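Please read them with the structure open.

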Amino acid sequence: MSSKIKFQTPSGMHDILEEDFVYFDKILDAVKEIANFYHFQRIETPILENAEIFIRGIGLNTDVVEKEMFVFKTKGGDVLTLRPEGTAPIARAFIQHSMQNLPQPVKLWYFGPFFRYERPQLGRHRQFWQFGFETVGEKDPILDAQIIQIFYSILQELKISPVVVKINSIGDRFCRPYYKKVLKSYLISKKESLCADCRRRIVQNPLRVLDCKEEKCQRIVAEAPNILDYLCEECKKHFKEVLEALEELKLPYQLDSKLVRGLDYYTKTVFEIVEESEKGKALGALVGGGRYDGLIKSLGGKETPAVGGAGGVERIVALLKDKFPHLAKKGKKPILFFAQLGPLAKKKALVLLETFRKEKIPVFESLGKDSLKAQLRLASKVNAKYALILGQKEVIEGNIILRDMMTGTQEIIPLEKLIKVIKNKIK
Ligand code: AMP
């Protein structure tokens, strides 16, 4: 028995079609414009990295490393992974290219695909695109505010609103261990009421219990000790200055002491930006980021403070599609349609189309069609204003017919004058 094979994209992965690229490009343009203004330099790290970078950087007991990495062994025995996020590879690149010798801070941006083995659902894919901004080499809290403001401005440029910045400080290596201890003993006292995942997290990564989505855990967490009460003087001062800068910028922010983010490398500031419509909330955070002063050292570099974040392209595209559905349909309107009749004209068409390309005159064509009627039907369908018709006779005589698609009137133009005539018509 023969069964029909129907290949599909792997679960949680999708093709990006022309109608999606309208939105992808809109986001890329907004990102590029802001990156250029603030003098961030573009970087693209490999899709594959040594898995150890993420194990050390993000942390062994995080969801990303524990459950979500696509890891495999190469024929040479290296353990590589499809990159699940962009910050650890940038830290690797910073060390590898001795960027500590450049004037600090080093400001980098990227736009590319990332991979996490998550349960596919709205706003959650296994291959998704992120754009990111990283300011590496300085510890001033103003830079945390600038990174947040950059993401906020991109969303504003894209007319995504209303959005709110959720922000927290998770302390540093001096004050966080004590908070962890206090939190741990609180959670142990409530252990029986937590979900199975959180019971496990108490030992391995108690901070993660704070952002568990289970209702019963949230009830326990609502009464948990607040991390902001346990910050050391240095972290308190840093956080205060970040908030003051956000106020100066008039960015709408909400303190969220339960925001811890999933990755171990964060220190001090962590933030997310959420769109506040029902759909926005269902999609989850559009942007996430924070300060990571310990990451570069943990990957073998010098102690280097840094702050950054990443925005999720698919989530923003989903909102843009709702807000601006006409964008996908717009496309580029051709003014000219090139129709050919007969084998001689078909061959000549290739040469003429190249001339149009070099002169930067956009033209539609359908070289695979032989019937003139079918070609003119297509010209009407794509709303071309003029059709150029090249037949056997025209090729031999060195002419071409120019047809006004609205009125149906036609004129014969010598080929050597064609470009000049067309340029006048489409001016
Ligand atoms: P993160 O690296 O987890 O901080 O994610 C930064 C942003 O990337 C999030 O705020 C989302 O917008 C987006 N993102 C993260 N994971 C996914 C995913 N699995 N599918 C789609 N977008 C994602």
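Predicted model: local features only at pLDDT ≥ 70, side-chain atom pairs only at ≥ 80, totals over all residues.

1. Among contacts between residues at least 6 apart in sequence, what percentage join residues at least 24 apart? The figure for this chain is 70%.

2. Overall dimensions. The chain has a radius of gyration of 28 Å, whereas a compact globule of 427 residues would have one near 22 Å. Along the principal axes, its C-alpha atoms fill a box of roughly 90 × 65 × 45 Å. Of the 427 residues, 50% count as buried. The secondary structure comes to 17 helices and 16 strands.

3. Domains. The chain is divided into domain 1, made of 18-175 and 231-323, and domain 2, covering 333-426. Taken over C-alpha atoms, the centres of domain 1 and domain 2 are separated by 50 Å.

4. Helix 4. This helix (residues 87-96) is largely enclosed by the rest of the structure, because eight of its 10 residues are buried. The buried residues are Thr87, Ala88, Pro89, Ile90, Ala91, Arg92, Ala93 and Phe94. They pack against strand 2 (48-50), helix 2 (51-58), strand 5 (106-115), strand 6 (127-136) and helix 11 (295-298).

5. Ser98 lies in the loop between helix 4 and strand 5, and has a positive phi of about 45 degrees although it is not a glycine. At 31% relative accessibility, Ser98 counts as partly exposed. Pro105 has its place in the loop between helix 4 and strand 5, and the peptide bond joining Gln104 to Pro105 is cis, with omega about -5 degrees.

6. Other backbone geometry to check. A cis peptide bond also runs from Ser161 to Pro162, with omega near 0 degrees; Pro162 is in the loop between helix 5 (141-157) and strand 7 (163-169). His39, not a glycine, has a positive phi of about 60 degrees. The loop that holds His39 is between helix 1 (18-37) and strand 1 (41-42), and His39 counts as exposed at 62% relative accessibility.

7. Thr81. This residue is in strand 4 (residues 79-82) and is buried, with 0% relative accessibility. A polar atom of the Thr81 side chain lies 3.0 Å from the backbone oxygen of Phe70. Leaving aside neighbours within four places in sequence, Thr81 is in contact with Ile47, Leu48, Glu49, Asn50, Ala51, Phe54, Met69, Phe70 and Val71.

8. Val270. Strand 9 (residues 267-275) contains Val270, which is buried at a relative accessible area of 0%.

9. Asn205. The residue is placed in the loop between helix 7 (196-204) and helix 8, and counts as buried at 6% relative accessibility. A polar atom of its side chain lies 3.3 Å from the backbone oxygen of Asn61. With neighbours within four places in sequence left aside, Asn205 is in contact with Asn61, Thr62 and Asp264.

10. Aromatic pairs. The structure holds 15 of these. In the pair of Tyr179 and Tyr230, the ring centres are 5.4 Å apart and the planes are at 50 degrees, so the pair is tilted. The pair links distant parts of the chain, 51 residues apart: Tyr179 is in helix 6 (residues 176-189), and Tyr230 is in the loop between helix 8 (215-222) and helix 9 (233-249). Tyr179 is buried at 1% relative accessible area, while Tyr230 counts as partly exposed at 26%.

11. Aromatic cluster and charges over rings. One aromatic cluster is formed by Phe21, Phe24, Phe40, Phe111, Trp129, Phe131, Phe133, Phe151 and Phe271. Arg83 lies over the face of Phe114, at 4.1 Å from the ring centre. Arg126 lies over the face of Tyr117, and the distance to the ring centre is 3.8 Å.

How values were computed: Residues numbered from 1 in each chain as written. Heavy atoms only, no water. Domains from an automatic or database assignment. Phe/Tyr/Trp six-rings, centres within 6.5 Å; stacked < 30°, edge-to-face > 60°. Helix = DSSP H or I, 4+ residues; strand = E, 2+ residues; numbered from the N terminus. Buried < 20%, exposed > 50% of the residue type's maximum accessible area, 1.4 Å probe, protein only. Lys NZ or Arg CZ within 6 Å of the ring centre and 35° of its normal. Polar contact = N/O pair within 3.5 Å; in protein donor to acceptor, adjacent residues only side chain to side chain. Contact = heavy atoms within 4.5 Å. Rg over C-alpha atoms; globule rule 2.2 N^0.38 Å.
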